[in-house]
Amino acid sequence: MVLALLGIQLTWLISPAWACGCGAMVVDPAQRIAVSNEQSVLRWDGRQEQIVMRLTVSGDARNAAWIMPVPHRATVRLGDPAVFHQLARAVAPVHRTRSHFWPRNGDWPFDERADGAAAAAPRPGAAMGVVGRQRLGPFDVARLTATDPAALDTWLRANGFTLPARLKTALAPYVAEHWEYVAIRLAPDTADTALRGALDPLHLTFAADRAVYPMRLSRLATTPQSLGLYVLAAHRMEPATAIGGPPPRTVYAGRLADPGGALGTLAHGTPYLTALTQQFPQPARISGDHELRRAASDTPVQQVIHDDELDRVAGIPAWLLTVGGLAVLLAAALTVLAVRRARRPVAPPPPVTPPPPLA
């Protein structure tokens, strides 16, 4: 029974996962892959959109694939992983010390802390067209157009992009809106090498008169999903709707002060950074793509971690000095009263008058 339970848990850990609107499916059904972490940056300047995405994968799969719908013709290249390191530093919470007078749990004498905590253009009217195909690091990237979801599905399967069986139905709304597609097949350089760790980022660029982050294909997921998205624009941005999940949460908003490096190059002309997070407990309820709009104001948001610290004077807790001082003063006052009472003169008793003699 123990072995069976461990096997079930292991299956959960490495089962196929979907995120960011791009479904990932192992080519060989006998193999497994999991997207343990996914980071995306969306940059929009009012005319052009760029998406830089990086996946961290685990499992025993040697190839996998996903598809990313885009509203217009896209160019694809490898991104710079340094962008994500700079973004992590930019949105990191600030630590502020908050003092308190009376001791709390963790302060003496209430210390209960545990040890260790801490190709050419497609033919007009063609049901399916290949705009281009290229190899970028571990990625086999195909840029496609389609007016028939069945034709798109057939081409993907014929060219090694094995994807979810329900993909044809899920792609129908994008086909109806004349979107194009970036199909990505993950394949390591060595045939016997499994896909593990952080992969090289992919950098997509396409024309866009509105900021949109494709999420509709995430409804194919069978496990809860979470979205973490950095948005670079001229102003603070927010999703127009929740698209089937709890309301998104802004964990950071603010203007970047000349970050330099890869982030400085990407953010040029779009200096305002907004970091968003959202959970999707039931992915099947995802109703569309995230359309991002300018927020009502550019009010900054910064996560703050308060480090509580006991007030001290010369290393001694202030409360202990105060209580001790009051105790000393009280003892001194009682002592003075006792001494004064002891030194007070005692009046002699009145004289005793003897009784008259008896007759």
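**Exercise 1.** Does Leu321 count as buried, partly exposed or exposed, and at what relative accessibility?

*Solution.* The model is predicted: local features need pLDDT of at least 70, side-chain atom pairs count only at pLDDT 80 or more, and totals for chains, interfaces and linings use all residues. Residues are numbered from 1 along each chain as its sequence is written, and side-chain values use heavy atoms, with hydrogens and water left out.

Step 1. Take the classes: buried is under 20% relative accessible area, exposed is over 50%, and partly exposed is in between (1.4 Å probe, protein chains only). Step 2. The relative accessibility of Leu321 is 38%, so Leu321 counts as partly exposed. Step 3. Helices (H or I, at least four residues) and strands (E, at least two) are DSSP runs, numbered from the N terminus. Step 4. Together with Val313, Ile316 and Leu320, Leu321 makes a nonpolar surface patch of about 300 Å². Patch members have over 30% relative accessible area and no salt bridge, and nonpolar side chains (Val, Leu, Ile, Met, Phe, Trp, Tyr) are joined within 5 Å, like charges within 9 Å. A salt bridge is a side-chain nitrogen of Lys or Arg within 4 Å of a carboxyl oxygen of Asp or Glu.

**Exercise 2.** State how many residues of strand S6 are buried, and find the strand joined to S6.

*Solution.* Step 1. Count: 7 of the 7 residues of S6 are buried, so S6 is largely enclosed by the rest of the structure. Step 2. Step 3. Pairing requires at least two bridges found by DSSP between two strands. S6 and S11 run antiparallel and are joined by 7 bridges. Within this pair, Met68 stands opposite Val182.

**Exercise 3.** Describe helix H3: its buried residues, their cover and both ends.

*Solution.* Step 1. In H3 (residues 149-158), the buried residues are Pro149, Ala151, Leu152, Asp153, Trp155 and Leu156. Step 2. Their cover includes strands S6 (64-70), S9 (128-136), S10 (139-146) and S11 (180-186), as well as helix H4 (167-176). Contact here means heavy atoms within 4.5 Å. Step 3. At the start of H3, the backbone nitrogen of Ala150 has a side-chain oxygen of Asp148 within 3.0 Å. Step 4. Just after H3, Gly160 has a positive phi of about 85°.

**Exercise 4.** Ile243 and Asp258 have positive phi without being glycine. Locate each and assign its accessibility class.

*Solution.* Step 1. Phi of Ile243 is near 45°, and this residue sits in the loop between strand S16 (237-239) and strand S17 (249-255). Its relative accessible area is 4%, so Ile243 is buried. Step 2. Asp258 has a phi of about 45° and lies in the loop between S17 and helix H5 (261-267). The relative accessibility of Asp258 is 71%, so Asp258 counts as exposed.

Note on methods. Polar contact = N/O pair within 3.5 Å; in protein donor to acceptor, adjacent residues only side chain to side chain. Areas by Shrake-Rupley, 256 points an atom, 1.4 Å probe, with all protein chains shown as cover.
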